[in-house]
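Q: Please take a close look at one part of this structure and describe it in a connected account.

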Amino acid sequence: MVDSRACCGCGACVAACPAGCIEMQYGRRFNWPRVDESRCTKCGCCVQVCPSAFLLGGTAPDFDDDLRRADYPCHLVHSPDDAVRLDAASGGGITGLILHLMETGQADGAVVARCTGANPLAAEAFLATDRTGLLEARGSKYTPVSSGTV
């Protein structure tokens, strides 16, 4: 049984489950995993990859003290590519960075989200491996997306 108060809906448990007994349930406000208990082997792989598992155990994540500093510099970025910058969210900085990594052979692709079907509140994660696929994912998605299910 999944404690929905702790689950962030990422879907990492789905990808990690060797028995394939977990699937994401898509809700109006949150996604959460549903486990087929009859197929679950209790191996614990899902808990090992869960970013929220520490909440259930009562332990805190081990953050480096440097991450708590408030004096990190901030930078404004945007894509130099007009086709990306004008249609992407927030100037297309992340889309531009991913495109650069793919075009220079430093990345084979990226897990991104796109809206699906006629419902604008339904989105899915997918692996974009070329410019066309990546540009399908432009823009903000204000809906739950379980990126760990790709």
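A: **The second largest pocket and its surroundings**

Helix α5 supplies the largest share of the lining of the second largest pocket, namely four residues. This is a predicted model, in which local features need pLDDT of at least 70 and side-chain atom pairs count only at pLDDT 80 or more, while totals for chains, interfaces and linings use all residues. Residues are numbered from 1 along each chain as its sequence is written, and side-chain values use heavy atoms, with hydrogens and water left out.

A pocket, on a 1 Å grid over the protein atoms alone, is an open set of points where a 1.4 Å probe fits, with protein on both sides within 12 Å along at least five of seven lines; lining residues have an atom within 4 Å of a point. The second largest pocket holds about 250 Å³ of space, a volume being the space filled by probe spheres set on the points. Its lining comprises 15 residues, and Ala 89, Ile 94, Thr 95, Ala 137 and Gly 139 lie nearest its centre. Two or more lining residues come from each of α5 and β3.

Helix α5 spans residues 93-103; helices (H or I, at least four residues) and strands (E, at least two) are DSSP runs, numbered from the N terminus. Within α5, Gly 93, Thr 95, Gly 96, Ile 98, Leu 99 and Met 102 are buried, meaning under 20% relative accessible area with a 1.4 Å probe and protein chains only. These buried residues pack against α4 (82-85), β3 (110-115), β4 (123-128) and α6. After α5 comes Gly 105, which has a positive phi near 75°.

Conventions:
Buried means under 20% relative accessible area, exposed over 50%, partly exposed in between (1.4 Å probe, protein chains only). Contact means heavy atoms within 4.5 Å.
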